[in-house]
Amino acid sequence: MKQEINPIDSGRETAFNLWMTSPMPMVTLTKTFDVTHIYRVGKKRGLKLNMLLCWCIGKAASQVKEFYTIPENGKLYRYDSIAVNVIVNNNKGGISSCDIPFVDNLGRFNADYLSMTQSVKVSCESIFNENHMIVGTSSVVATELDCIVNQYTNLFSNPMLLWGKYRKRWLKITLPISFQFHHVQMDGGHAARFLELLQRTINTV
C-alpha cells in the first residue's frame, strides 16, 4: 500500500528540503561483492544467479526502513512492501519491465520470478506494481564492468542496482554492483549499511 506522508513526520525532512528540487539528486555508490556462495548455491540447486541476486537485494532492502519511503512528484510517500524490478529481454528483440513482489520464502520468490519473467518475455508487455516500493535492477552481462551510472529522469526516483558480468578468479567469484539512490530517500551512511547487509545476505542464502 502507498500513502502520502508529511516530510516532518518522515525523519527525512532536512533531506527533503535540501534535495527535493535538486536537478541531480541521485547518488551512486559502487562496491565489489563476493558472490561465490550464491554462485555455488545456484549451480547446486539449479537456480539462476540473477534470481538469487534479486532475492538477496529484496531481503536486504526489506530490513532497511529508508527503502520504504520515496519522493515522487514533489511529495513523499511511504510503502509497506517492496518489489524487485527485473529488465527482461523480450521475444521482439527489445526489453520489458517486470516488478516481482519480494517474499521472504526463496522458493516462492523463485517461482514468481520464473513465471513472471517468462510471461513478460513472451507477451512483450511489462508488469508494473504500483502498490510496492520498487527496487530496480539491471544486468549487462555481455562484459565485465567496473561501474554503471544510470541516467536520471524525473519520471521516477526509485533506488536501482546495476551490474555486469561476474568475474571468476581462482576460487573466488566477484561482482561489482552500482547502487543508485535518491538523496531524499537516504544518505550515504544508510546506503553503505545496506550494501554491507546485502553482502551478509549473499553469504548466508
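A: Asn73 lies in the loop between S3 and S4; helices (H or I, at least four residues) and strands (E, at least two) are DSSP runs, numbered from the N terminus. The model is predicted, so local features need pLDDT of at least 70 and side-chain atom pairs count only at pLDDT 80 or more, while totals for chains, interfaces and linings use all residues. Residues are numbered from 1 along each chain as its sequence is written, and side-chain values use heavy atoms, with hydrogens and water left out.

The backbone at Asn73 has a phi near 50°, which is a positive value in a residue other than glycine. Asn73 is also exposed, its relative accessible area being 73% (buried means under 20%, exposed over 50%, and partly exposed in between, with a 1.4 Å probe and protein chains only).

S3 and strand S4 (residues 75–79) are joined in the antiparallel sense over four bridges; two strands pair if DSSP finds at least two bridges between them. Within this pairing, Ile70 has Tyr77 of S4 as its bridge partner. Both strands belong to an open sheet of three strands, in the order S1-S4-S3, with antiparallel pairing. The edges of that sheet are taken by strand S1 (2–5) and strand S3 (69–72), each of which has a single partner strand, so one side of each lacks a neighbour in the sheet. From one strand to the next the twist averages 40°.

Another positive phi in a residue other than glycine is found at Cys124, where the value is near 60°. Cys124 sits in the loop between helix H4 (106–123) and strand S7 (133–139). Its relative accessibility is 18%, so Cys124 counts as buried, whereas Asn73 is exposed.

S7 has pairings with two strands to describe here. Strand S5 (residues 82–89) pairs with S7 in the parallel sense over four bridges, and Ile82 stands opposite Met133 of S7. S7 and strand S8 (residues 160–163) run parallel too, joined by four bridges, with Ser139 opposite Trp163 of S8.

The axes of H3 and H4 are 10 Å apart, at an angle of about 125°; axes are lines fitted to C-alpha atoms, for helices over the stretch in contact, and angles run from 0 to 180 degrees between N-to-C directions. H3 is therefore oblique to H4 (under 35 degrees counts as roughly parallel, over 145 as roughly antiparallel, 65 to 115 as roughly perpendicular, and the rest as oblique). From H3 the contact takes in Asn50, Met51, Leu52, Cys54 and Trp55, and from H4 it takes in Leu106, Phe109, Asn110 and Tyr113; contact means heavy atoms within 4.5 Å.

H3 also packs with H2. The axes of helix H2 (residues 36–45) and helix H3 (residues 49–61) cross at roughly 130° and come within 9 Å, which makes H2 oblique to H3. In this contact Ile38, Tyr39, Val41 and Gly42 of H2 meet Leu49, Leu52, Leu53 and Cys56 of H3.

The buried residues of H2 are Thr36, Ile38, Tyr39, Val41 and Gly42. Their cover includes H3, strand S2 (26–34), strand S9 (167–169), strand S10 (172–182) and helix H5 (188–203). After H2 comes Gly46, with a positive phi near 70°.

H5, which is part of that cover, contains Gly188. Gly188 is partly exposed, at a relative accessible area of 33%. Once its neighbours within four places in sequence are set aside, Gly188 is in contact with Leu29 and Phe181. Leu29 and Gly188 are 159 residues apart along the chain, yet their C-alpha atoms are separated by 8.3 Å.
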